[in-house]
Amino acid sequence: MSIIISKTRTRIIYIITLMLLPCSLFGQTQQTIELANLYKSAKLKAVNRDIEIVSSDTGAYLKVSESKKEGIVWLPFKDFNNGTIEIKMRGKDVFQRSFIGIAFHGIDDMNYDAVYCRPFNFFATDSVRRIHAVQYISHPNFTWEKLRQERNAVFEKEIINPPNPNDWFIMKLLVNNTTVKAYINNAPQASLIVKKLNNTTSGKIGLFTADSSGGDFKTIKITHTK
């Protein structure tokens, strides 16, 4: 009899934990979410990419494969409005083969905003390449090509004190209805500050990789503000 009660109690606690999980993910207090755990619980949707979990001495992480055109791994967070998104990620110092970042305010696989980094430009000797280190886009109307041709260096900037392009680093986005700011490795000053190029104020969050790029993603933190 005691065994049955114990199992019932355990089951109830498990159900309550699942019910409270969305509150902890979307509450005001930041919580570090291991992306490997979301993968194991089948809560990720990969678009134009393959994903797998890789074990390492510092913990498991999500590896996104390289492929042509943009790829997104949608996370189970569908109603992000204003707040912060902080991602721990890793690219590589290979020219035109590393574009990694965060998609947000996503409506579907074609309509979303994103901020991403080009690690191969972090320490480029060419000053023009260095100002292409971190980029904002708003698909489908405002691709990086269109923004560079029409408003060069407005929606992409250099990173001051950039991280090792082959190592893990943190990018934090501060998003509100009109403005997006990107901070690298907890720097006090934003590397990129832009005005949003659409009127979408809520939507999905995803891991973003651009054409010919994959990437490694470890943890994410999300905080909602009013």
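## Strand 8 and its neighbours

Strand 8 (residues 112-117) pairs with strand 9 (residues 134-139) in the antiparallel sense, over 6 bridges. One spot to look for is Tyr116, whose bridge partner in strand 9 is Gln135. Keep in mind as you look around that this is a predicted model.

Strand 8 also pairs with strand 7 (residues 100-106): the two run antiparallel and 5 bridges join them. Here you can pick out Ala103, which has Ala114 of strand 8 as its bridge partner. Strand 7 and strand 8 make a hairpin, with 5 residues sitting between them.

## How covered is strand 8?

Is strand 8 buried or exposed? The count is 6 buried residues out of 6, so strand 8 is largely enclosed by the rest of the structure. "Buried" here means under 20% relative accessible area.

Now for the side chains. In a regular strand they alternate between the two faces of the sheet. In strand 8, Tyr112, Ala114 and Tyr116 point one way. Asp113, Val115 and Cys117 point the other way, and both sets are buried.

Which strands does strand 12 pair with? One is strand 11 (residues 169-175), which runs antiparallel to strand 12 and is joined to it by 5 bridges. Across this pairing, Met171 stands opposite Ile184 of strand 12. Strand 11 and strand 12 form a hairpin too, and 3 residues lie between them.

Another is strand 13 (residues 192-195), paired with strand 12 in the antiparallel sense over 4 bridges.

What does the lining look like by class? There are 6 nonpolar, 4 polar and 6 charged residues. Helix 4 (residues 144-150) supplies the largest share of the lining, with 3 residues.

Methods:
Residues are numbered from 1 along each chain as its sequence is written. This is a predicted model: local features need pLDDT of at least 70, side-chain atom pairs count only at pLDDT 80 or more; totals for chains, interfaces and linings use all residues. Side-chain values use heavy atoms; hydrogens and water are left out. Ala, Val, Leu, Ile, Met, Phe, Trp, Tyr, Cys and Pro count as nonpolar, Asp, Glu, Lys and Arg as charged, and the others, Gly among them, as polar. Two strands pair if DSSP finds at least two bridges between them. Buried means under 20% relative accessible area, exposed over 50%, partly exposed in between (1.4 Å probe, protein chains only).
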